[in-house]
Amino acid sequence: MDILSRGTALGGNVRVFCCNTTQLVQEACTRHDCWPTAAAALGRTLSVGCIMGSMLKDKHEKIEIQIDGKGPLGQMVVDAYCNGKVRGFVTNPHVDFSKEDHPEKLDVGKAVGTDGVLRVIKDMSMKQPFISEVPLQTGEIGDDFAYYYAESEQTASAVSVGVLVNPDGSIKAAGALLIQMLPSAGETELKMVEDIVKHLKPISQTIAEMEDPQKILSMIFNDYQQLESQPLRFKCECSKGKFAVILSRLPKEDLQKMIDEDHGCEVVCKFCNTKYEYSEETLQGFVNAHNRAEEEAKQQENKQIIN
C-alpha cells in the first residue's frame, strides 16, 4: 500500500518524511501512457507532491507544482492535498532517454530540461494563493526541490526522489525522502545529516527492498519518532457534472458549433485522462438555457425603460 511516514529525528532537531508511491505512480503512468523517462519524471514529482501535501493543515488547501524546463517532456503539473490524494500529468508522456555514460539509467534531466522554472502554488483558501518559483537547476527533480526549499523557504533540506521502471514499462518502486533541518538544529546535526545523505542508497532502490517508509526512516535514524502515517493514492476530483458546468458557460455560438459539426462533444480531463461524452441533446439544453437567460435580460431591460 502507498503510504507516507513523517516524524522527527536526531533529538527532534530534524523533521523527516518518506513515502512509498509505487501504486499511485503506476496508476498515473497507466492513465497517461507514460514511456519510461516520462514515468520517472512524473513519478518523482508526484512523490514530492505527496510530501508537500502532507504539510497542509486543511482539506480545502492545495499545493500545485508546475515544472517546465522547455525540454521534450513539456510541462508537468501535480496537485496534492492534505488527505493523501494527488493527481498530475505531463504534456508529452511519450518521451524516453537514457544517460549516454550510463545507458541503464534514465536521463530525466534531459527530458525535463533546465531552461525554465519550478513553481509552487499554495492555495490556502485565502483571497490570493502564495506563489513561489525558482529556476530549475538540473531537471532531475530532487536537486530542484532541494534548491527550492533553500531559496524559497530558507530551509536546508535533502531531497531524494526515485522511480524504478521495469523493462516492460511497469513501475517496480517509487517514492521520496525529505530531510529538513529545524531551527533548533546546530552544526552537529547538520554534519550528521550530511554524512547520512552521503551514504544513502537511491530511495527507489531502498523502497524496492523494504517498502515500509517507517522502517526505512527507522533504519536511517536510530531515534526516529513517527508523528503521523498517512495512506496515499492517485485521485482526481473531476466528474461529468463538473465539466458539464464548464460547458454550460461556454458562449452559445461555440455550443451550437459542436452541435452542428459533431452532434455532441467529448471532454478529456488532462489530470487523469478520463473521457466524458456529452450528447447533442445535452448541448442543446445549454443553448436553450443561454436563450432563456438572454430573453429574461431583455425583459428586465424593457421594464427598466418603461419605469
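# Close-up views of a predicted model

**View 1. Asp79 and Lys62 are joined by a salt bridge.** The side chains of Asp79 and Lys62 meet in a salt bridge, 3.8 Å from N to O. A salt bridge here is a side-chain nitrogen of Lys or Arg within 4 Å of a carboxyl oxygen of Asp or Glu. The pair links distant parts of the chain, 17 residues apart: Asp79 sits in strand S4 (residues 75–80) and Lys62 in strand S3 (residues 62–68). Helices (H or I, at least four residues) and strands (E, at least two) are DSSP runs, numbered from the N terminus. Asp79 is buried, with a relative accessible area of 1%. Buried means under 20% relative accessible area, exposed over 50%, and partly exposed in between, with a 1.4 Å probe and protein chains only. The model is predicted: local features need pLDDT of at least 70, side-chain atom pairs count only at pLDDT 80 or more, and totals for chains, interfaces and linings use all residues. Residues are numbered from 1 along each chain as its sequence is written, and side-chain values use heavy atoms, with hydrogens and water left out.

**View 2. Arg6 and Glu228 form a salt bridge between two strands.** Their side chains meet at 3.6 Å, N to O. Arg6 belongs to strand S1 (residues 3–9) and Glu228 to strand S10 (residues 225–231), so the contact ties together parts that are 222 residues apart in sequence. Glu228 is partly exposed, at 31% relative accessible area.

**View 3. Arg31 and Glu27 form a salt bridge within a helix.** The closest N and O atoms of Arg31 and Glu27 are 3.0 Å apart. Both residues lie in helix H1 (residues 22–32). They are 4 residues apart, about one turn of the helix. Arg31 is partly exposed, with a relative accessible area of 32%. Glu27 is also partly exposed, at 31%.

View 4. The network links Arg44, Lys99, Asp107 and Glu140. The salt-bridge count for the model comes to 13.

View 5. The structure holds 0 disulfides, a disulfide being a pair of cysteine sulfur atoms within 2.5 Å. For Cys50, the closest cysteine sulfur is in Cys19, 5.4 Å away and too far for a bond. Cys50 is buried, with a relative accessible area of 5%. For Cys265, the closest cysteine sulfur is in Cys269, at 14 Å, again too far for a bond. Cys265 is buried too, at 13%.

View 6. In strand S9 (residues 171–181), 10 of the 11 residues are buried, so S9 is largely enclosed by the rest of the structure. Strand S2 (residues 14–20) runs antiparallel to S9, joined by 7 bridges. Two strands pair if DSSP finds at least two bridges between them. Val16 stands opposite Ile179 in S9. Strand S8 (residues 157–165) also pairs with S9 in the antiparallel sense, over 9 bridges. Here Val163 faces Ala174 in S9 as its opposite residue. S8 and S9 form a hairpin with 5 residues between them. In the turn, Gly169 has a positive phi of about 90 degrees.

View 7. A search of the whole structure finds 1 cavity of 30 Å³ or more. A cavity is a set of points, on a 1 Å grid over the protein atoms alone, where a 1.4 Å probe fits but cannot get out; lining residues have an atom within 4 Å of a point. Grid points are joined across faces, edges and corners, and a volume is the space filled by probe spheres set on the points. The largest cavity holds about 40 Å³ of space. Its lining consists of Val48, Ile51, Phe145, Tyr149, Val159, Ala176, Leu177 and Leu178. Helix H2 (36–54), helix H4 (142–152) and S9 are the elements that give two or more residues to this lining. S9 contributes the largest share, 3 residues. By class, the lining has 8 nonpolar, no polar and no charged residues. Ala, Val, Leu, Ile, Met, Phe, Trp, Tyr, Cys and Pro count as nonpolar; Asp, Glu, Lys and Arg as charged; the others, Gly among them, as polar.

**View 8. Six strands form an open sheet.** The strand order is S7-S6-S3-S4-S5-S11, with mixed pairing. Strand S7 (130–135) and strand S11 (233–234) are the edge strands, each pairing on one side only. S3 and strand S6 (residues 117–123) run antiparallel, joined by 7 bridges. Glu64 has Ile121 in S6 as its bridge partner.

Methods: On a 1 Å grid over the protein atoms alone, a cavity is a set of points where a 1.4 Å probe fits but cannot get out, and a pocket is an open set with protein on both sides within 12 Å along at least five of seven lines; lining residues have an atom within 4 Å of a point.
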